Amino acid sequence: MKSVLLIGLGRFGRHIAMKLDELHHQVMAVDKEERRVEAVLPYVTNAQIGDATNEDFLCSLGVRNFDVCIVAIGDNFQNSLETTSLLKELGAKVVVSRAARDVHAKFLLRNGADEVVYPERQLADWTAIRYTADHILDYIELDEEHSIFEISVPNGWVGKTIGQLDIRKKYDINIMALKHNGVMNLRISPDTYLPKDDTMLVLGDIKSIQKCFHI
């Protein structure tokens, strides 16, 4: 269990609060709008109404005591940037900030953010890939070059073992797991057969995966 300071309780911040609650983390939620704070009260340990660009207010929260600070402000980049910078100046251990564009990410990283997330861009990428290929069921981007895809087992691979296909050597990708009716099988070996109705979780270089599965 970790302690999290969550600043910005719009739709994105609210969903983060709900997920953190599901994962049993301790969350201090902050927003300057009372209605947003009230909306997340069932999901957080504590909440404060206040302006995160105000140094005295941030200081009163004891930002050094949190394992991670998440800046989920999405409607005002200037406020996001100021909050990110102040958090780091006040000794925050880890600051994760939301960005809408690459230029925002660059400024955030230069001014205290340890990590940057792009919820809109990441969702757009996922939607474009997921719904333009019938055999792609899910997609997670790990960095600019590597991803995990959930892919239907190709017809030519059905009934064969991973060793027979020599997938890692031929395609430079790794099958991490098989999934059948929502149940994950992580016990993968060269002797693992690929059934027709299963899907595969495949990890590798994005270009290699695209080439292998004609994405």
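Predicted model: local features only at pLDDT ≥ 70, side-chain atom pairs only at ≥ 80, totals over all residues.
Let me begin with an open sheet of five strands, ordered β7-β8-β11-β9-β10, in which the pairing is antiparallel. Strands here, like helices, are DSSP runs numbered from the N terminus (strands E, at least two residues; helices H or I, at least four), and two strands pair if DSSP finds at least two bridges between them. At the edges stand β7 (136–141) and β10 (183–185), each with a single partner strand, so one side of each has no neighbour in the sheet. On average, neighbouring strands of this sheet are turned by 25° against each other, direction ignored.

Residues are numbered from 1 along each chain as its sequence is written, and side-chain values use heavy atoms, with hydrogens and water left out.

Returning to the sheet, β7 pairs with β8 (residues 146–152) in the antiparallel sense over five bridges. Within this region, Glu141 has Ser147 in β8 as its bridge partner. Helix α9 (residues 206–213) lies across β8, β9 (173–180) and β11 (199–205), and runs at about 135° to β11. Such angles run from 0 to 180 degrees between N-to-C directions, with axes as lines fitted to C-alpha atoms, for helices over the stretch in contact.

How is the protein divided? There is a domain 1 (3–118) and a domain 2 (133–213), with bounds from an automatic or database domain assignment. Taken over C-alpha atoms, the centres of domain 1 and domain 2 are separated by 36 Å.

I turn now to helix α5 (residues 102–110), whose buried residues are His104, Ala105 and Leu108. Viewed down the axis of α5, these residues fall within an arc of 100°, so they line one face of the helix; the arc is that of the directions from the helix axis to the C-beta atoms. Buried means under 20% relative accessible area, exposed over 50%, and partly exposed in between (1.4 Å probe, protein chains only). On the other side of α5, Lys106 and Arg110 are exposed. What do the buried residues of α5 pack against? They pack against α4 (77–89), β5 (95–98) and β6 (115–117), where contact means heavy atoms within 4.5 Å. Just after α5, Gly112 adopts a positive phi of about 120°.

Finally, Asn46 is located in strand β3 (residues 46–49). Asn46 counts as partly exposed because its relative accessibility is 39%. Leaving aside residues up to four places away in sequence, Asn46 touches Val27, Met28 and Ala29.
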